[in-house]
Amino acid sequence: MTEQAAPHRFVGRTRELDALRADIARAGLDTLAGRPAPRSRVLLIAGRPGSGRSALAAELARGVAADYPGGVHTARLSGPGGEAVPLERAVRDLLDALGVPPVAGAGPDHLAGELRAALAERSALLVVDDVTAPEQLLELVPESRDCLVVAVAEGPLKGVPDVRPCTLGGLEPAAALALIASYAGETRIACDPEATHVLAEECAGHPAALVLAGGWLAGHPQACVADAVRELRRKGDSTEGSAGRPSGPKALARAFRLVYESLPPSVAQLLRLLPLAPAGVVDAHSASALAGCTVAAARTTLADCAGQGLLREVPQPDQANLTQYEVPGCLQPLLRGALEAGVGREETLLARARMLERYVRLLQSCRAVTEPAGSAVHTRLAGLPRALRFPSPEAAAAWLRSRLPSLLAAARIAVADGELDTLARRLVAALSRALGAHRGEAEAAPEQYRLHELVLGVAERRGLVWEKAAALLNLGDLDLRAERPHEALGRYRGALAAAREVRDPQPVGRALESVGAAYQELRDWGRAADWFGRALALRQTRGELADEARLRARLGAVHTYAGAWSWALREWRAAAAAHRRLGDAGGHARALGEVARVQQYAGHPREAIRTCTRAVDAARLSGDTALRAAVQLRLADLVDEVGDPEAAELHRAAAGRLVEQVPEAAAMRAAAVAVAEAEAEAERAEEPEPGPAPEPESAPAAGSAAEPVPEPADGPESAAGDARDDGERAPGTGPAAVPEDSAEPVPQPVEAAAGTVSAEGTEPAAGEGRKAGPAARPAAADL
């Protein structure tokens, strides 16, 4: 349709730019009064939508960016429909741009404090677009005089101290002609300058109307400028009923009708559906799904619409498949009116469903490309259309990074709409898995927290008890990782109630274990042991030996931290026996190492040496070189403690030779040497005080818990247990002074615990991949 998509150029506004630059250098009122302001300078660009206010802010930022080495960062505080964006979302986006990972699930006040702290350390320029209320802006203003805030709003912002306003009107005639020429071409303007002046007057100097008029000329290469004037006046006569120079909003409506009514039906249909695009951003895939056309046709249509000023290209990397377009905010109300007038409710719902389904398939492909080449998922990927496949994991990660704001917005809109809940749940599950595959659990936690909250809302609305339990478990895990154990405990108890409602032992067992993990994080050892014991009893009734081994280890860790040595020995030995029955030599060796550690804390070093020797033998059978080195180092520490430094050196030398065989040899050897030197100098000063000699004859108190930990049949084991028991039971993780290995998790030593116990530190079950929180949870859809 168009000869060429014209580039977006900034024209005019020279006087406004000079005034804004002068305001930056001018002293503020507080400075003149002798009270230097503790906050950043705020400049305000006020104008109606379409007046070029955002373009002026961007041009100002480009001009002064060199003065702010902390970078230029942009936040938008209004959505495509004019609704205010929650402060939490805007602050998270700014923290991401600053390279500060936001805390998953943190509230807006906490996030705003993090943002101010991050900006206080740098000289940055903050562009805040579409401000609707002064309170929005005040929460984002940095407490640093080295930063600058440029706010964009429709009117004055009362309540913002010492703000410097700059109000925009229409463009000057010379700038208006230059803007039209940037779309229609210099030649056509030069051939009829008088008609061009009339066209600029008909548009009232309104920048958005001028862009649309120039776009109409670009889409009609055979028409002259006089034809544009005549058609524009005809649109005005039919809508306004009277002649005369229109105002800015009326001029914009006339120019939009001029372009919209001249479009082919297929292009007009796609344009009407663009308000359904999440976050006001559209690409070839979402456009093709909305209109029901091919991706290639949608890509061509979007480029043509951008050439006519109906869309703006979003700056992206040079790859063609990452090109996105943004619907100008001033055109959103006009397009929504066209949507309501020309598209029925059923057709709108169908178009949105097609778009969500396309997002789901793209996300599934984005995740599948990370799987190994021979996997079943990767094989199914080959059956997808070429347009839905990614050539490499890097390309998929780049697509996910660029589309993430739109994907999150699509999930929010689908959940809020309430008519496509099944598609909304599929989209959330696919997005959560794709984020986990490309970013990892830790980096993707803030986005996944919001996704799980969306799933929870759908589950509560639809009465989906199972999915409610899964969402609460996932949210509790993220709360626990973010060091909010009280919030996590509430989530876990809610998940337990939901799981009991569906009478499914699998989520019930997970919820019981998670409640215990929350109490463990709160250092309430009695209640933690109580809830772990309940989970253990459930697993035993179902014959789940691997889960039993893990829970035995967690109980052993809790009793170790509580100083109940005999109870800790009982659980670690039982865990070791479970691992041995499973045929897990590595888990058996790690559990024996934990038995040896507890015996050492209880004041029985020689029994600990015998047990650790058996752990070395078990580690040798596992074939895990890193584990062998860790247990060997533990044995060296024990031998050194009983006064045999020569034998200790021999064990350390053997461990060093094993470490050299590990891929991370240098790092592990350095860690081992550092640990050994630190312990020799401090004489094991970090080791906890041993508990009292007499051991309790019953389990630690479980507080107000209703079901206490079951009493052992033959009473607690003695802390100095015999060799037969040491060999019969044990799992866990490496001992206190053993360097951690990335392949085999090693628990934190008791003496190194900084007030809390990480839940993963004592999980010995094979295949455990989580490094924090309770047992790994699936996505909500997995349950």
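**Close-up 1. Helices α27 and α29 pack against each other in this predicted model.** Helix α27 covers residues 585-601, and helix α29 covers residues 625-641. Their axes lie 11 Å apart. The packing angle is about 20°. Angles under 35 degrees count as roughly parallel, and α27 and α29 are therefore roughly parallel to each other. The crossing in which α27 passes α29 is left-handed.

**Close-up 2. Helices α1 and α3 cross at roughly 55°.** Helix α1 runs over residues 14-25, and helix α3 over residues 53-64. The two axes come within 11 Å.

**Close-up 3. Five strands form an open sheet.** The strand order is β2-β3-β4-β1-β5. The pairing is parallel. At the edges are β2 (72-76) and β5 (163-167). Each of these edge strands pairs on one side only. On average, neighbouring strands of the sheet are turned by 20° against each other, direction ignored.

Close-up 4. V72 stands opposite L125, a residue in β3. Strands of a sheet pair through backbone hydrogen bonds.

**Close-up 5. F256 and Y260 form a stacked aromatic pair.** A search of the whole structure finds four aromatic pairs. One of them joins F256 and Y260, with 5.4 Å centre to centre and 15° between the planes. Both residues belong to helix α12 (residues 248-260). F256 and Y260 are separated by about one helical turn because they are four residues apart in this helix. F256 and Y260 are both buried.

**Close-up 6. F390 and W399 form a tilted pair.** The ring centres of F390 and W399 are 5.4 Å apart. Their planes stand at 50°, so the pair is tilted. F390 is buried. W399 is buried too. A pair of aromatic rings is described by the distance of the centres and the angle of the planes.

**Close-up 7. The charged end of R534 sits over the ring of W531.** The distance from this charged end of R534 to the ring centre of W531 is 4.0 Å.

Conventions. Residues numbered from 1 in each chain as written. Predicted model: local features only at pLDDT ≥ 70, side-chain atom pairs only at ≥ 80, totals over all residues. Heavy atoms only, no water. Phe/Tyr/Trp six-rings, centres within 6.5 Å; stacked < 30°, edge-to-face > 60°. Helix = DSSP H or I, 4+ residues; strand = E, 2+ residues; numbered from the N terminus. Buried < 20%, exposed > 50% of the residue type's maximum accessible area, 1.4 Å probe, protein only. Lys NZ or Arg CZ within 6 Å of the ring centre and 35° of its normal. Pairing = 2+ DSSP bridges. Axes fitted to C-alpha atoms, helices over the stretch in contact; angles between N-to-C directions. Parallel < 35°, antiparallel > 145°, perpendicular 65-115°, else oblique. Left-handed = near helix turned anticlockwise from the far one by under 90°.
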